[in-house]
Structure formats: structure tokens, C-alpha cells
Amino acid sequence: MHSSGTSGASRTGTDVLVIGGGLIGLVTAWRAARRGLRVALADPDPGGGAARVAAGMLAAVTELHYGEETLLGLNVASAARYPEFAAELAEASGGLDIGYRACGTLAVALDADDRLHLRELHALQRRCGLDSQWLTGRECRRLEPMLAPGVRGGLRVDGDHQVDPRRLAAALLAACERAGVAV
Ligand SMILES: Cc1cc2nc3c(=O)[nH]c(=O)nc-3n(C[C@H](O)[C@H](O)[C@H](O)COP(=O)(O)OP(=O)(O)OC[C@H]3O[C@@H](n4cnc5c(N)ncnc54)[C@H](O)[C@@H]3O)c2cc1C
């Protein structure tokens with residue numbers, strides 16, 4: 001994002017120029033416009049980018065990696081604010097549904113290597129004070145009956161959810177336009 005100086009603002013009538021209208025650029029433009037700034041967003045394909053192919057997992061706990069314990073705090077705090085963000089965006093976009101589902105996440109092990117990896121992840125999560133639960137293969141299938149009989153176990157994380165990135169991008173674009181962002 002590039003924020004223009006005072007002289008730029010007076011020349012163009014724009015306070016903020018956002019270059020790139022993927023999810024991050026769109027949300028930045030929307031928030032800036034809501035704060036009363038005059039915002040322009042430049043992108044040949046706004047609402048495209050990685051959101052077109054992303055899975056939409058809001059999985060701060062399931063996607064924890066070694067060495068990212070500091071980032072974890074930010075990710076968990078962001079995830080906690082998601083319901084409020086989703087509700088605010090639904091209103092600002094004129095009622096568009098972003099496919100936010102507070103459904104929890106189940107990561108399953110298909111073989112012994114997966115199982116070892118998920119066991120290690122579970123131990124790391126516990127050390128970080130996170131809420132996750134180890135399930136046997138049978139317990140996984142009880143939750144998700146269509147899972148293969150060979151599933152060796154899994155991690156259940158009730159606090160990790162999902163969103164539909166395509167719908168999220170469309171809602172952000174609509175919210176930007178309604179907030180007066182010049183796209
Ligand atoms: C396969 C896949 C799966 C993913 N799954 C998940 C997931 O489950 N959970 C999760 O949280 N994240 C996931 N991500 C990551 C997430 O989708 C990205 O972090 C996020 O969408 C990035 O948004 P962005 O706005 O930073 O960048 P981008 O989406 O890359 O947007 C960049 C924008 O800039 C524009 N642009 C490029 N060059 C210029 C230019 N010169 N001038 C103007 N505009 C330009 C492009 O057109 C594009 O619209 C996944 C990503 C991928 C690829």
C-alpha cells in the first residue's frame with residue numbers, strides 16, 4: 001500500500017492509494033474508507049489473486065509450525081475477532097454471505113508418518129497452551145462417517161474455522177464500492 005503525502009492528496013483528491021486488490025488490499029481500502037479517507041484502489045483484476053484458489057481455513061491452531069510461537073498470538077487474536085469482522089462485512093456489503101462457518105477442524109492421519117507428524121503437532125499445541133484433542137481413527141470416523149477405514153487418528157480443533165475466500169473477496173469488493181473506494 002502506498003499512502004500519498006499531503007501534496008499528492010491535494011493534487012489527486014485521494015488520501016490513500018492501495019496497489020493490489022487481493023484480500024489484503026481490499027480490506028485495507030475498505031477500512032481506510034470507513035475511517036473517512038478518500039481511497040483509490042488499483043488492480044487490473046480486483047478480487048482475484050490467491051483468494052481464487054485458497055482453501056479458506058482459519059486454522060491458527062491446526063496450522064501451527066515450529067518457530068512460529070510469536071506469530072501464533074497474532075493468529076489466535078485474529079481468529080477470535082473473525083465473527084465480529086464477518087458480521088460487520090455482511091452489513092457493509094449489503095448482506096453478502098462470506099461462507100464463514102464456525103465448524104471446527106479435523107486433521108486426519110492417513111498413514112503412520114501422518115500420525116507421527118500430527119502427534120508431534122499435538123504435543124507442540126499442548127506446550128503452547130492451545131486447545132486440541134487427539135482422536136483415534138474410530139473417533140474420527142464417528143465425527144466424519146465418510147472417512148476411509150484406514151484413517152489412523154486425527155486432531156480435533158474446535159476453535160479453527162473456515163471461510164469461502166471467493167465469497168469473501170466479492171463481499172470486500174462490494175463493501176469497498178459502497179464505502180466510496182474508487183476501484
Ligand atoms: C493454494 C492456496 C491455498 C491457500 N489456503 C489458505 C487457507 O486455507 N487459509 C489461509 O488463511 N490462507 C490461505 N492461502 C493464503 C491466502 O489466500 C493469501 O495469503 C491471501 O489471499 C493473499 O492476499 P493478498 O491480498 O496479500 O495477495 P494476492 O491475493 O496475491 O493479491 C494480490 C493482488 O495484487 C494484484 N496485482 C499484482 N501486481 C499488481 C500491479 N503491478 N499493480 C496492481 N495490482 C497488482 C493482483 O491482481 C492481485 O489481485 C492460500 C493460498 C494459496 C495459493
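**Contacts, cores and the ligand**

Guide: Let's begin with leucine 41: setting aside neighbours within four places in sequence, leucine 41 is in contact with Val18, Gly20, Gly21, Gly25, Leu26, Ala29, Pro46, Val181, Ala182 and Val183. Contact here means heavy atoms within 4.5 Å. This is a predicted model, where local features need pLDDT of at least 70 and side-chain atom pairs count only at pLDDT 80 or more, while totals for chains, interfaces and linings use all residues. Residues are numbered from 1 along each chain as its sequence is written, and side-chain values use heavy atoms, with hydrogens and water left out.

Visitor: Which strand does leucine 41 lie in?

Guide: Leucine 41 belongs to strand β3. Helices (H or I, at least four residues) and strands (E, at least two) are DSSP runs, numbered from the N terminus.

Visitor: And is leucine 41 buried or exposed?

Guide: Buried, with a relative accessible area of 4%. The cut-offs are under 20% relative accessible area for buried, over 50% for exposed, and partly exposed in between, with a 1.4 Å probe and protein chains only.

Visitor: OK, switching to the ligand. Which residues come nearest?

Guide: Leu23, Ile24, Asp43, Ala50 and Met57 do, out of the 19 residues around the ligand. A residue is near a molecule if one of its heavy atoms lies within 4 Å of it.

Visitor: What's the make-up of that shell by class?

Guide: The shell has 11 nonpolar, six polar and two charged residues. Ala, Val, Leu, Ile, Met, Phe, Trp, Tyr, Cys and Pro count as nonpolar, Asp, Glu, Lys and Arg as charged, and the others, Gly among them, as polar. Helix α2 (residues 23-34) gives the most to the shell, with three residues.

Visitor: Which backbone atoms pair up with the ligand's oxygen or nitrogen atoms?

Guide: A backbone N or O atom of leucine 23 lies 3.2 Å from a ligand oxygen. A polar backbone atom of glycine 56 is also 3.2 Å from an oxygen atom of the ligand. For methionine 57, a polar backbone atom is 2.8 Å from a ligand nitrogen. Taken alone the ligand exposes 1,000 Å², and the protein buries 50% of that. Those areas come from the Shrake-Rupley method with a 1.4 Å probe; for residues, only the protein chains shown count as cover.

Visitor: Back to glycine 56: where is it found?

Guide: Glycine 56 is in the loop between β3 and β4 (57-58). At 11% relative accessibility, glycine 56 counts as buried. Leaving out neighbours within four places in sequence, glycine 56 is in contact with His161, Gln162, Val163 and Pro165.

Visitor: What does the side chain of histidine 161 reach?

Guide: The histidine 161 side chain reaches the backbone nitrogen of cysteine 103 at 3.3 Å, and the backbone nitrogen of glycine 104 at 3.2 Å. Both are polar contacts: a pair of N or O atoms within 3.5 Å, where within protein one must be able to donate a hydrogen and the other to accept it, and residues adjacent in sequence count only if both atoms are side-chain atoms. Histidine 161 lies in strand β8 (residues 161-162) and is buried, at 16% relative accessible area.

Visitor: How many residues are in the largest nonpolar core?

Guide: The largest nonpolar core has 24, and Trp30, Val39, Leu89, Ile98 and Leu168 have the most contacts inside it. α6 gives the most to this core, with six residues. A nonpolar core is a set of buried Ala, Val, Leu, Ile, Met, Phe, Trp, Tyr and Cys residues joined through side-chain atoms within 4.5 Å. A second, separate core of 12 residues includes Val61, Ala109, Leu124 and Leu130.

Visitor: Last two. Where's serine 132, and what does glutamate 88 touch?

Guide: Serine 132 sits in the loop between α4 (112-127) and β6 (133-135). A polar contact of 2.7 Å joins the side chains of serine 132 and glutamine 125. Glutamate 88, in helix α3, touches Trp30, Arg31 and Arg34, not counting residues up to four places away in sequence. At 23% relative accessibility, glutamate 88 counts as partly exposed.
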